[in-house]
Amino acid sequence: MNSFTWGNDALTLWFSWDNDLPVCISEAKAGNVDVAFAHRIPLVELEVAGTGHWIACDRLIQTSLGADLRYVDHRESETNGIKRLDVTLADKKAGVEVTMTYRLPAGVPMFQSFATVKNISDNADKPLSVEQV
């Protein structure tokens, strides 16, 4: 299992993945509270045209593409006291790359997150129809 930690003095997040598993936040610690998550939830749940869920459901989780996104790399930076983490994931077969971005202000145990979805398919010049992120 591969992993790394990221955070500040108020919050630490543990990210883990394997070659056949998507990246997830496996543990979080804020002050005296330390939580280890028993069930793996991918960093990104994503549906694009032609994809769905790996089990029959109408929920926003358990997407096939979310389960198939694999770790590419991660980058850390800091500007004006705000830490930033960019985790890049990809499913080359589906032709989708996602960069999950986290922003964490100094001394604050809460973070902001957003996802950037990119078409990396052979038809990258055509629009990618994103149904949900």
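Visitor: How many bridges join strand 2 to strand 3, and which way do the two run?
Guide: This is a predicted model, and in it strand 2 (residues 12–18) and strand 3 (residues 21–30) run antiparallel and are joined by six bridges. Within that pairing, Asp18 stands opposite Leu21 of strand 3.

Visitor: And what about strand 3 and strand 4, how do they pair?
Guide: They pair in the antiparallel sense, over four bridges, and there Lys29 has Asp34 of strand 4 opposite it. The hairpin of strand 3 and strand 4 has two residues between the strands, and Gly31 takes a positive phi near 60° in that hairpin.

Visitor: What order do the strands take in that sheet?
Guide: The order is 1-2-3-4, in an open sheet of four strands with antiparallel pairing. Strand 1 (2–7) and strand 4 (33–36) are the edge strands, each pairing on one side only, and the twist from one strand to the next averages 20°.

Visitor: Changing topic: how many aromatic pairs does the count come to?
Guide: The count comes to six aromatic pairs. Among them is the pair of Phe4 and Phe15, which is stacked, with 4.8 Å centre to centre and 10° between the planes. Because Phe4 lies in strand 1 and Phe15 in strand 2, this pair ties together parts that are 11 residues apart in sequence.

Visitor: Where do those two stand on accessibility, buried or exposed?
Guide: Phe4 counts as buried at 10% relative accessibility, and Phe15 is buried too, with a relative accessible area of 0%.

Visitor: And the rings of Tyr102 and Phe111, how far apart are their centres?
Guide: Their centres are 5.3 Å apart and their planes stand at 65°, so the pair is edge-to-face. Tyr102 counts as buried at 2% relative accessibility, whereas Phe111, at 36%, counts as partly exposed.

Visitor: What about the largest nonpolar core, which residues touch the most other members?
Guide: That core has 21 residues, and those touching the most other members are Trp6, Phe15, Leu43, Val44 and Tyr102. At least two core residues come from each of strand 1, strand 2, strand 3, strand 7 (82–91) and strand 8 (96–105), and strand 8 gives the most, with five residues. As a general background, nonpolar side chains tend to be buried together in soluble globular proteins.

Visitor: Since strand 8 came up, how many bridges join it to strand 9?
Guide: Strand 8 is joined to strand 9 (residues 112–119) by eight bridges, and the two run antiparallel. In that pairing, Val98 stands opposite Val117 of strand 9, and Glu97 has Lys118 as its bridge partner. The hairpin of strand 8 and strand 9 has six residues between the strands, and Gly107 takes a positive phi near 75° there.

Visitor: Which strands stand at the edges of the sheet that holds them?
Guide: The sheet is open, with four strands in the order 6-7-8-9 and antiparallel pairing. Strand 6 (70–79) and strand 9 stand at the edges with a single partner strand each, so one side of each has no neighbour in the sheet. Neighbouring strands here are turned by 15° against each other on average, direction ignored.

Visitor: Last one: Thr99, buried or exposed, and what is it in contact with?
Guide: Thr99, whose place is in strand 8, counts as buried at 15% relative accessibility. Its side chain makes a polar contact of 3.4 Å with the side chain of Thr88. Leaving aside neighbours within four places in sequence, Thr99 is in contact with Arg75, Asp86, Val87, Thr88, Phe114, Ala115 and Thr116.

How values were computed
Residues numbered from 1 in each chain as written. Predicted model: local features only at pLDDT ≥ 70, side-chain atom pairs only at ≥ 80, totals over all residues. Heavy atoms only, no water. Pairing = 2+ DSSP bridges. Axes fitted to C-alpha atoms, helices over the stretch in contact; angles between N-to-C directions. Phe/Tyr/Trp six-rings, centres within 6.5 Å; stacked < 30°, edge-to-face > 60°. Buried < 20%, exposed > 50% of the residue type's maximum accessible area, 1.4 Å probe, protein only. Core = buried A, V, L, I, M, F, W, Y, C linked by side-chain atoms within 4.5 Å. Polar contact = N/O pair within 3.5 Å; in protein donor to acceptor, adjacent residues only side chain to side chain. Contact = heavy atoms within 4.5 Å.
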